[in-house]
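Me: I would like to learn how to read the features of a protein model, one at a time. Please give me the general idea first and then the case at hand.

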Amino acid sequence: MANNRVKELWQCGEVAYGAWLSIPSSLSSEAIARVGFDYVCIDLQHGLIDDPAAAEMLVAISCTGATPFVRVPNNDAAAINRALDAGALGIIVPMIHSSDDACRAISSCRYPPEGTRSYGPVRASMTWGPDYFETANDLVVCVPMIETRQALEEIESIIALPGLEAIYVGPNDLSLSMGQPPGPDNGGSYQEAYRSIAKNCAARGIVAGIHGTAELAPKHVDTGYRMITVSGDLGLLRRAASQDLERAKR
């Protein structure tokens with residue numbers, strides 16, 4: 001029987017640390033996944049990755065101890081189903097504005113009678129075992145993104161939904177919706193929202209996740225976030241290349 005490491009960490013009250021992938025490469029995906037991250041997320045919304053590349057990346061990640069997540073392009077049942085059938089164990093859904101939006105996303109991740117997911121686990125059943133259908137609804141986690149003022153206003157109704165286990169804050173878009181520039185840790189109204197989301201989630205027993213950095217991780221943990229993205233392939237590549245060039249020129 002397969003397991004979802006991220007869900008196991010949450011059940012123990014621990015923090016799951018992850019990495020973000022924007023580059024369509026199974027090699028770099030596996031290299032990052034083998035570092036020891038609890039989850040690795042393939043970004044189909046803003047990353048330059050299509051479905052065939054994502055399928056290969058999921059194969060690479062599932063060979064490691066990291067839980068494979070996919071951020072789908074939008075709240076579309078077909079996109080969610082494709083990612084799950086390809087082997088994702090976690091789905092991050094962007095631009096969730098309301099409890100109705102979140103309810104649709106959760107339903108798309110669950111087989112009937114709990115949801116509306118269509119049956120056809122092309123690769124998932126090969127990867128996660130012959131009992132995949134029986135265990136999928138417990139194995140898979142759906143994580144709606146809170147990244148707009150409207151979602152913030154409806155946060156209490158969103159986190160009260162049956163079947164919701166976690167939400168994920170997008171700091172850049174949430175900042176933009178509040179009239180602030182994009183940034184991982186703005187002040188003012190963003191900071192108030194950032195703390196309020198964590199507090200509301202803790203009161204409901206829901207995991208609060210956030211897109212962050214390694215430097216901000218301790219602050220996020222202290223605030224109550226338990227799903228924290230701390231690194232990304234493109235940023236790692238640029239920083240390492242820049243450091244090498246700087247050292248060479250010195």
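Me: Let me start with strand pairing: which residue in E4 is the bridge partner of Arg71?

Reply: The general idea is that two strands pair if DSSP finds at least two bridges between them, where strands (E, at least two residues) and helices (H or I, at least four) are DSSP runs numbered from the N terminus. Here the partner of Arg71 in E4 is Ile92, and E3 and E4, which run parallel, are joined by three bridges. Before going on, note that the model is predicted, that local features need pLDDT of at least 70 and side-chain atom pairs pLDDT 80 or more, and that totals for chains, interfaces and linings use all residues. Residues are numbered from 1 along each chain as its sequence is written, and side-chain values use heavy atoms, with hydrogens and water left out.

Me: What do the strands E1 to E8 form together?

Reply: They make a closed barrel of eight strands, in the order E1-E2-E3-E4-E5-E6-E7-E8, with parallel pairing. From one strand to the next the twist averages 25°, an angle on a scale from 0 to 180 degrees between the N-to-C directions of axes, which are lines fitted to C-alpha atoms. Among the pairings, E1 and E2 are held in the parallel sense over four bridges, and Ala19 has Val40 of E2 as its bridge partner. Strand E7 (residues 207-211) pairs in the parallel sense with strand E8 (residues 227-232) over three bridges, with His211 facing Thr229 of E8 as its bridge partner.

Me: How many aromatic pairs does the structure hold?

Reply: Rings of Phe, Tyr and Trp (its six-membered ring) pair if their centres lie within 6.5 Å, and a pair is stacked when the planes are under 30 degrees apart, edge-to-face when over 60, and tilted otherwise. The structure holds seven such pairs. The rings of Trp20 and Tyr168 have centres 5.8 Å apart and planes at 10°, so this pair is stacked. Because Trp20 lies in strand E1 (residues 16-21) and Tyr168 in strand E6 (residues 166-169), the pair ties together parts that are 148 residues apart in sequence. Trp20 and Tyr168 are both buried. A tilted pair is formed by Tyr39 and Phe69, at 5.4 Å centre to centre and 55° between the planes; this pair links strand E2 (residues 39-43) with strand E3 (residues 67-71), 30 residues apart. Tyr39 counts as buried because its relative accessibility is 0%, and Phe69 counts as buried because its relative accessibility is 0%.

Me: Next, pockets: what is the volume of the largest pocket?

Reply: Rolling a probe the size of a water molecule over the atoms shows where empty space is left. On a 1 Å grid over the protein atoms alone, a pocket is an open set of points where a 1.4 Å probe fits, with protein on both sides within 12 Å along at least five of seven lines, and lining residues have an atom within 4 Å of a point. The largest pocket has a volume of about 620 Å³, the volume being the space filled by probe spheres set on the points. It is lined by 28 residues, and those closest to its centre are Trp20, Asn172, His211, Gly212 and Thr213. H13 gives the most to this lining, with six residues.

Me: Which backbone details around Met95 and Pro113 deserve a look?

Reply: Met95 has a positive phi of about 50° although it is not a glycine, and its place is the loop between E4 and H5. Pro113, in the loop between helix H5 (99-108) and helix H6 (124-128), is joined to Pro112 by a cis peptide bond with omega of about 10°.

Conventions
Buried < 20%, exposed > 50% of the residue type's maximum accessible area, 1.4 Å probe, protein only.
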